[in-house]
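The sequence and structure are shown first.

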Amino acid sequence: MSIVEIEMDATALVATFGRLIGEMDATMAQAVELSLDIVAADARTRAPISPGSAADGEFMGPVNTGYLRRSIGAGDVTGSFSDGGLEGVVSASAPYALHVEYGTKPHEIRPKNKRALRWASAGGKNGWAFAKVVKHPGTAAKPFMRPALTANRDAIINRFSVATRLAIARAKAGA
């Protein structure tokens, strides 16, 4: 009867995997951060610029405020690759950002602290129009966040592929 024994010393392999996890934590966090920056920058270029109004509600005419665009930013990356995942958020802090992205249904607008609504109108009394209720027809969606993510999908996937190869190379080099 013959017996074959195989013995393996996995110390170096285990050490390499340990380094790989550390490298993956670092490179994947960077990949998420760069991906967030790419999507935020693209979303800023896609966000519509609309006419603004003065602080007291008086219409100022066709002034491009750019507030929505300036409100778009990438948040901090949280979590870790080794603990099961990384997370990051691109958001727009303008209070009307969701209404621009998804549009609105027809709705009524009523005054909150006054008896009537007032807006600038060439045909109104002294250049102003008044109403107790306005039936707003709703607004069409003007998506800027979702298209920014979709347009950069391949670049983001490529970024994670490069990060993985880099982490493996660094883990091997540290052996």
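Helix H1 has 36 residues and spans 52 Å from its first C-alpha to its last, close to the 52 Å expected at 1.5 Å a residue; the expected span is 1.5 Å times one less than the number of residues. Helices (H or I, at least four residues) and strands (E, at least two) are DSSP runs, numbered from the N terminus. The model is predicted: local features need pLDDT of at least 70, side-chain atom pairs count only at pLDDT 80 or more, and totals for chains, interfaces and linings use all residues. Residues are numbered from 1 along each chain as its sequence is written, and side-chain values use heavy atoms, with hydrogens and water left out.

**Overall composition**

The chain's secondary structure comes to five helices and 10 strands. Of its 175 residues, 22% count as buried, where buried means under 20% relative accessible area, exposed over 50%, and partly exposed in between (1.4 Å probe, protein chains only). The accessible surface is about 12400 Å², and 57% of that surface belongs to carbon and sulfur atoms; the areas come from the Shrake-Rupley method with a 1.4 Å probe, and for residues only the protein chains shown count as cover. Among contacts (heavy atoms within 4.5 Å) between residues at least 6 apart in sequence, 64% join residues at least 24 apart.

**Helix H1 and its cover**

The buried residues of H1 include Leu 20, Met 24, Met 28, Ala 31, Ser 35, Leu 36, Asp 42 and Ala 43. Strand E3 (72-74), strand E5 (85-87), strand E6 (90-92), helix H4 and helix H5 (153-173) are included in what covers the buried residues of H1. Ser 35 lies in this helix and is buried, with a relative accessible area of 5%. Not counting residues up to four places away in sequence, Ser 35 touches Ile 156, Arg 159 and Phe 160.

Leu 13 is also placed in H1, but counts as partly exposed at 42% relative accessibility. With Met 8 and Phe 17, Leu 13 makes a nonpolar surface patch of about 340 Å². Patches are made of residues with over 30% relative accessible area and no salt bridge, like charges being joined within 9 Å and nonpolar side chains (Val, Leu, Ile, Met, Phe, Trp, Tyr) within 5 Å.

**Nonpolar cores**

A nonpolar core is a set of buried Ala, Val, Leu, Ile, Met, Phe, Trp, Tyr and Cys residues joined through side-chain atoms within 4.5 Å. The largest has 16 residues, of which Ala 43, Leu 68, Ile 72, Val 90, Phe 144 and Met 145 touch the most other members. Helix H1 (11-46), helix H3 (97-102) and helix H4 (145-151) are the elements that give two or more residues to this core, and H1 gives the most, with five residues. Leaving aside neighbours within four places in sequence, the contacts of Ile 72 include Ala 40, Ala 43, Val 90, Phe 144 and Met 145. A second, separate core of seven residues includes Met 28, Ala 31, Ala 167 and Ala 171.

**Strand E9**

Ala 129 has its place in strand E9 (residues 128-131) and is buried, with a relative accessible area of 14%. Ala 129 and Trp 119 are 10 residues apart in sequence and 5.4 Å apart in space, C-alpha to C-alpha. Beyond neighbours within four places in sequence, Ala 129 is in contact with Leu 117, Arg 118, Trp 119 and Ser 121.

**Salt bridges**

A salt bridge is a side-chain nitrogen of Lys or Arg within 4 Å of a carboxyl oxygen of Asp or Glu. The count by this rule comes to six. The table lists individual pairs.

| Pair | N to O distance |
|---|---|
| Arg 170 and Glu 23 | 3.8 Å |
| Arg 46 and Asp 42 | 2.8 Å |
| Arg 146 and Glu 101 | 2.8 Å |

Arg 170 lies in helix H5 and Glu 23 in helix H1, so this pair ties together parts that are 147 residues apart in sequence. Arg 170 counts as partly exposed at 37% relative accessibility, and Glu 23 counts as partly exposed at 22%.

Asp 42 and Arg 46 are four residues apart in helix H1 and therefore separated by about one helical turn. Asp 42 counts as buried at 15% relative accessibility, whereas Arg 46 is partly exposed at 35%.

Arg 146 lies in helix H4 and Glu 101 in helix H3, so the pair ties together parts that are 45 residues apart in sequence. Glu 101 is buried, with a relative accessible area of 4%, while Arg 146 counts as partly exposed at 40%. Elsewhere, Glu 108, Arg 110 and Lys 135 are linked in a network of salt bridges.
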